[in-house]
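User: I would like to go through the pockets of this protein and the place of its ligand. Please take the questions in turn.
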Amino acid sequence: MGKNKTKFNYPPFVMPVSLVGANVGGKPNFEAIAWFNLVDYQPNLISISSEKTHHTNKGIRENKTFSVNIPSASMAAATDFCGVYSGSKVDKSKTFDVFYGELKTAPMISECPVNVECRLNQTLELLHGEVFIGEIVGVYMENKYLTDNKPDTRKIDPLLFEGTLGSYWKVGEHVAKAFGIGKNYKPKQSNDNRE
Ligand SMILES: Cc1cc2nc3c(=O)[nH]c(=O)nc-3n(C[C@H](O)[C@H](O)[C@H](O)COP(=O)(O)O)c2cc1C
């Protein structure tokens, strides 16, 4: 097979990086979070995993709200800034133009193409991190990031992160339509029960 068991225990997954926002003592703070994901639907839930000591965590615990903002590739430096300095030492409240949605306490970033406003649903305590699961109460976008009224990945141009080497990337070419290209796929061997 030619495969070796490697030492890359943070697998080289490429994932979008977000900026998670929370008000700490009434002041917006943002941290870079690559470990975020949708985890359920109706209600739609999103999880973020943030180390317990982080300044942002204080604000999430305080207000029970947070935001997940998707920066575009052109925002790599500002995103990295929020990922290398803690709000406990550096004031990051003026890094971006901030707006609020219906929850009033989840600061969102005007410059990011996609903003997700969340109400804390539950918290999972791990050894080092806290997984905050938020109910999505609003997703905000400007029309300039839509084509035919739908989100356009090329226009959003999300910033991607690869953790093994610690590198930023951008999205490449469109491959195929999901929930479509697999329908007529012929596996090497199968008991084909497709209808
Ligand atoms: C690209 C990138 C991704 C990161 N992803 C995470 C993450 O998923 N979880 C986490 O706890 N910290 C992550 N960090 C580290 C935090 O962003 C960093 O510790 C930050 O300074 C915490 O800020 P705060 O103390 O103001 O909350 C990441 C940093 C970078 C640069």
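Analyst: Ala, Val, Leu, Ile, Met, Phe, Trp, Tyr, Cys and Pro count as nonpolar, Asp, Glu, Lys and Arg as charged, and the others, Gly among them, as polar. The model is predicted.

User: Into how many nonpolar, polar and charged residues does the lining of the largest pocket divide?
Analyst: The largest pocket holds about 840 Å³ of space, and 32 residues line it. By class, that lining divides into 15 nonpolar, 13 polar and four charged residues.

User: Which element gives the largest share of the lining of the largest pocket?
Analyst: Two or more lining residues come from each of β3 (27–33), β5 (45–51), α1 (55–63) and α2 (76–84). The largest share is five residues, and the element that gives them is α2.

User: Which space is taken by the ligand?
Analyst: Around the ligand are 21 residues, with Ala-32, Glu-51, Thr-56, Ser-86 and Gly-87 nearest. Ala-32 is also among the residues nearest the centre of the largest pocket. The space that the ligand takes is the largest pocket.

User: How far is an oxygen atom of the ligand from an N or O atom in the side chain of Thr-56?
Analyst: A ligand oxygen lies 2.8 Å from a polar backbone atom of Glu-51. For Ser-86, a polar side-chain atom is 2.6 Å from an oxygen atom of the ligand. In the case of Thr-56, an N or O atom of the side chain and a ligand oxygen are separated by 2.5 Å.

Definitions and conventions: Residues are numbered from 1 along each chain as its sequence is written. This is a predicted model: local features need pLDDT of at least 70, side-chain atom pairs count only at pLDDT 80 or more; totals for chains, interfaces and linings use all residues. Side-chain values use heavy atoms; hydrogens and water are left out. On a 1 Å grid over the protein atoms alone, a cavity is a set of points where a 1.4 Å probe fits but cannot get out, and a pocket is an open set with protein on both sides within 12 Å along at least five of seven lines; lining residues have an atom within 4 Å of a point. Grid points are joined across faces, edges and corners, and a volume is the space filled by probe spheres set on the points. Helices (H or I, at least four residues) and strands (E, at least two) are DSSP runs, numbered from the N terminus. A residue is near a molecule or strand if one of its heavy atoms lies within 4 Å of it. A polar contact is a pair of N or O atoms within 3.5 Å; within protein, one must be able to donate a hydrogen and the other to accept it, and residues adjacent in sequence count only if both atoms are side-chain atoms. A molecule sits in a cavity or pocket if more than half of its atoms lie within 2 Å of its grid points.
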